[in-house]
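Colleague: I would like to learn how to read a model like this one, feature by feature. Could you walk me through it?

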Amino acid sequence: DSGETDGEPALTLAQVASITVARNELAQWAYTRFFVDTVVGCFVRIGIGFDADKKPIYRLAQIVDIVDYHKPYYIESVLTKRAIQCLHGKARRVFTMDVASNHAVTE
């Protein structure tokens, strides 16, 4: 196995970590001019729930778009209606930015 997917080389953990955005960055940048151009293509750690031991479960997803959310919500102390459309495997789903993790990516 060459470590390639769809003809492209697989990214290392360090490479993914260098292009991962945290919840506090999403909140800080949500209304800047560079927000969309900066975060689309980056990775984000998404909290998807808890396991049987009540430990949080995260999935790494790639941000593919910024979309309008149907109602306002808070991320950190910022009120927004923006949400991130993410790709995890072949699944594409919209998440509110408040479910993004502030913690570093781990294996």
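Modeller: Gladly. Keep in mind from the start that this is a predicted model.

Colleague: Let's begin with the sheet. In what order do the five strands run, and which kind of pairing do they show?

Modeller: The order is S3-S4-S5-S6-S7 in an open sheet, and the pairing is mixed. Strand S3 (20-21) and strand S7 (91-96) stand at the edges with a single partner strand each, so one side of each has no neighbour in the sheet.

Colleague: How many bridges join S5 and S6?

Modeller: Nine bridges, in the antiparallel sense, between strand S5 (residues 56-75) and strand S6 (residues 78-88).

Colleague: How should I read a positive phi in a residue that is not glycine?

Modeller: The general idea is that most residues other than glycine have a negative phi. One case to look at here is lysine 54, where phi is near 65°. Lysine 54 lies in the loop between strand S4 (43-50) and S5, and it is exposed, with a relative accessible area of 68%.

Colleague: Where is glutamate 76 found?

Modeller: Glutamate 76 is in the loop between S5 and S6. Its phi is positive too, about 60°, although it is not a glycine. At 43% relative accessibility, glutamate 76 counts as partly exposed.

Colleague: What does the side chain of glutamate 76 meet?

Modeller: As a general idea, side chains of opposite charge can pair when their charged atoms come close. In this model, glutamate 76 and arginine 23 form a salt bridge at 2.8 Å, N to O. The pair links distant parts of the chain, since arginine 23 is in helix H2 (residues 23-29), 53 residues apart from glutamate 76. Arginine 23 is partly exposed, at 23% relative accessible area. The structure holds one salt bridge.

Colleague: How do I read the aromatic pairs?

Modeller: A pair of aromatic rings is described by the distance of the centres and the angle of the planes. The structure holds two such pairs. Tryptophan 29 and phenylalanine 34 are edge-to-face, with 5.8 Å centre to centre and 70° between the planes. Phenylalanine 34 is partly exposed, with a relative accessible area of 40%. Tyrosine 69 and tyrosine 73 are edge-to-face as well, at 5.6 Å and 80°.

Colleague: How is the area divided in the tyrosine pair?

Modeller: Tyrosine 69 is partly exposed at 22% relative accessible area, while tyrosine 73 is buried at 10%.

Colleague: One last item: what lies over the face of tyrosine 58?

Modeller: That is arginine 45, at 3.9 Å from the ring centre.

Note on methods. Residues numbered from 1 in each chain as written. Heavy atoms only, no water. Pairing = 2+ DSSP bridges. Helix = DSSP H or I, 4+ residues; strand = E, 2+ residues; numbered from the N terminus. Buried < 20%, exposed > 50% of the residue type's maximum accessible area, 1.4 Å probe, protein only. Salt bridge = Lys/Arg side-chain N within 4 Å of Asp/Glu carboxyl O. Phe/Tyr/Trp six-rings, centres within 6.5 Å; stacked < 30°, edge-to-face > 60°. Lys NZ or Arg CZ within 6 Å of the ring centre and 35° of its normal.
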